[in-house]
Amino acid sequence: MKAFENLSPATFDEAVELLGTARANGEIAYPAGGGSDLLGMVKDELVPAPDKIVDLKRIPRLDRIHFSEASTEIDGLVTVDAIASDEGVRSRYPVLAEAAAAVGTAQIRNTGTLTGNICQRPWCWYFRQGFSCLKRGGDRCYSVTGENQQHAIFGGGPSFIVHPSDTANALVALEAQFYLQGPNGHRTVPAAEFFVLPSDSLERENVLDADELLIGISLPSANADRPGAYRKVMDREAWTHAVVSVALTLDMDGALCRDARIVLGGVAPIPWRVPAAEDVLRGRQITAELAQQAADAALEGAQPLAKNGYKVTMARALVRRSVLELSGAA
Ligand SMILES: Cc1cc2nc3c(=O)[nH]c(=O)nc-3n(C[C@H](O)[C@H](O)[C@H](O)COP(=O)(O)OP(=O)(O)OC[C@H]3O[C@@H](n4cnc5c(N)ncnc54)[C@H](O)[C@@H]3O)c2cc1C
Ligand code: SF4
């Protein structure tokens with residue numbers, strides 16, 4: 001592995017500047033949070049070898065969670081473990097705490113940042129094995145006729161990756177806002193608009209421009225204190241990405257569902273919100289029959305590949321069971 005220089009910015013401003021300067025000099029530079037995904041990709045030569053890594057974790061005092069009446073503000077370097085274990089997040093935003101607790105291993109949760117988790121690259125088997133597929137500038141997607149057991153049943157084409165981040169699904173369900181900082185200043189993007197489909201871009205999985213960083217996350221208080229749950233099915237007991245998952249929040253008045261947010265994970269290149277299923281629940285008393293109708297609506301329009309039709313059945317059952325359990329109607 002080629003040696004690279006590790007840069008320690010003092011602020012996100014400086015990090016953006018360091019990335020821009022390196023690239024203007026023709027060097028390859030990447031930002032790193034915990035480095036748990038990036039350094040593996042560098043080591044396995046899955047990305048061009050860097051000249052510089054801008055180590056965001058060296059930026060001081062940006063690892064806190066701030067609660068206020070209007071919102072909860074999450075600094076850009078808060079770890080996944082801090083999200084999973086923080087009492088305030090657990091009580092106010094249980095869907096996010098559960099999603100964070102479902103990420104990988106304790107070591108990854110301790111090392112990885114929430115922002116890095118959201119920006120992690122795809123885990124498609126072909127991509128991670130170094131195949132020269134569409135995502136790597138090649139001319140074909142190997143999953144279309146190959147081993148597509150883990151691939152997308154919604155939103156696929158021309159690449160059929162699934163978004164790997166557990167926390168991203170919860171953040172879309174909570175209608176979080178993402179703070180971005182780049183050479184041209186700051187912008188705020190709703191979580192639901194942060195992720196991009198392969199039909200919009202093959203090179204990237206989100207709207208971040210070159211040298212732009214995800215520097216923080218805001219959770220609206222309007223969506224706090226609602227029952228929420230993150231349910232995940234894996235192909236082994238632990239330490240791995242979702243085969244399918246569901247991030248669910250319900251706003252209940254007794255047995256009546258005032259409102260619902262349902263986001264599927266492991267099924268699409270982006271967190272896949274299913275408004276049709278939310279519509280089924282809204283304003284109705286939750287029963288086993290209604291939960292089944294919502295589950296059917298959630299999976300309507302799925303387009304499985306040759307070997308991943310099982311995801312439709314699995315996700316449908318997961319939505320049904322999660323709605324029943326969380327509403328107390330089980
Ligand atoms: C064995 C294993 C199991 C795993 N299981 C799961 C799982 O079950 N669920 C799950 O969600 N994830 C899982 N992961 C992925 C893991 O959670 C991520 O590697 C980790 O969260 C990434 O965080 P990080 O801070 O280390 O990111 P890094 O590795 O530092 O960065 C990840 C990517 O994002 C970019 N980046 C980092 N920070 C920023 C930023 N602030 N702004 C813009 N770009 C940035 C980097 O350049 C890099 O491309 C697993 C990983 C492994 C190795
Ligand atoms: S799904 Fe995407 S990453 Fe996987 S082989 Fe196809 S183009 Fe490559």
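Asp-166 is in contact with Ala-99, Ala-102, Val-103, Asn-117, Tyr-230, Lys-232 and Ala-242, its neighbours within four places in sequence being left aside; contact denotes heavy atoms within 4.5 Å. The structure is a predicted model, in which local features need pLDDT of at least 70 and side-chain atom pairs count only at pLDDT 80 or more, whereas totals for chains, interfaces and linings use all residues. Residues are numbered from 1 along each chain as its sequence is written, and side-chain values use heavy atoms, with hydrogens and water left out.

Asp-166 is found in helix α9; helices (H or I, at least four residues) and strands (E, at least two) are DSSP runs, numbered from the N terminus. Asp-166 counts as buried because its relative accessibility is 4%, where buried means under 20% relative accessible area, exposed over 50% and partly exposed in between (1.4 Å probe, protein chains only). Its C-alpha atom is separated by 15 Å from that of Ala-152, 14 residues away along the chain. Asp-37, placed in the loop between β2 (29-32) and α2 (38-43), is likewise buried, at 13% relative accessibility. Not counting residues up to four places away in sequence, Asp-37 touches Gln-120, Arg-121, Trp-123 and Arg-128.

The domain assignment gives domain 1 (5-58), domain 2 (65-120 + 156-223) and domain 3 (228-327); such bounds come from an automatic or database domain assignment. The largest nonpolar core has 40 residues, and Leu-96, Phe-178 and Phe-194 have the most contacts inside it. A nonpolar core is a set of buried Ala, Val, Leu, Ile, Met, Phe, Trp, Tyr and Cys residues joined through side-chain atoms within 4.5 Å. At least three residues of this core are drawn from each of domain 2 (65-120 + 156-223) and domain 3 (228-327). Helix α5 is mostly covered, with 6 of its 8 residues buried; Leu-96 is one of these. Leaving aside neighbours within four places in sequence, the contacts of Phe-178 include Ile-118, Leu-171, Phe-194, Phe-195, Leu-214 and Ile-217.

The centres of domain 1 and domain 2, taken over C-alpha atoms, are separated by 20 Å. Their contact takes 14 residues from domain 1 and 16 residues from domain 2. The area buried between these domains is about 1200 Å², of which carbon and sulfur atoms give 67%; buried area is the accessible area (1.4 Å probe) that two parts lose on being put together, summed over both. Within domain 1, Phe-12, Val-16 and Lys-57 lose the most area to domain 2, together 46% of what that side buries. The interface of domain 1 and domain 2 holds 1 salt bridge, the term denoting a side-chain nitrogen of Lys or Arg within 4 Å of a carboxyl oxygen of Asp or Glu.

The search of the whole structure finds 30 salt bridges. Arg-23 pairs with Asp-211, their closest N and O atoms being 2.5 Å apart. In the salt bridge between Arg-58 and Asp-55, the N to O distance is 3.2 Å; Arg-58 is partly exposed at 49% relative accessibility, whereas Asp-55 is buried at 12%. Glu-325 forms a salt bridge with Arg-231, with closest N and O atoms 3.3 Å apart. This pair links distant parts of the chain, with Glu-325 in helix α13 (residues 310-327) and Arg-231 in strand β9 (residues 228-233), 94 residues apart.

Note on methods: Chains lettered and ligands numbered in written order.
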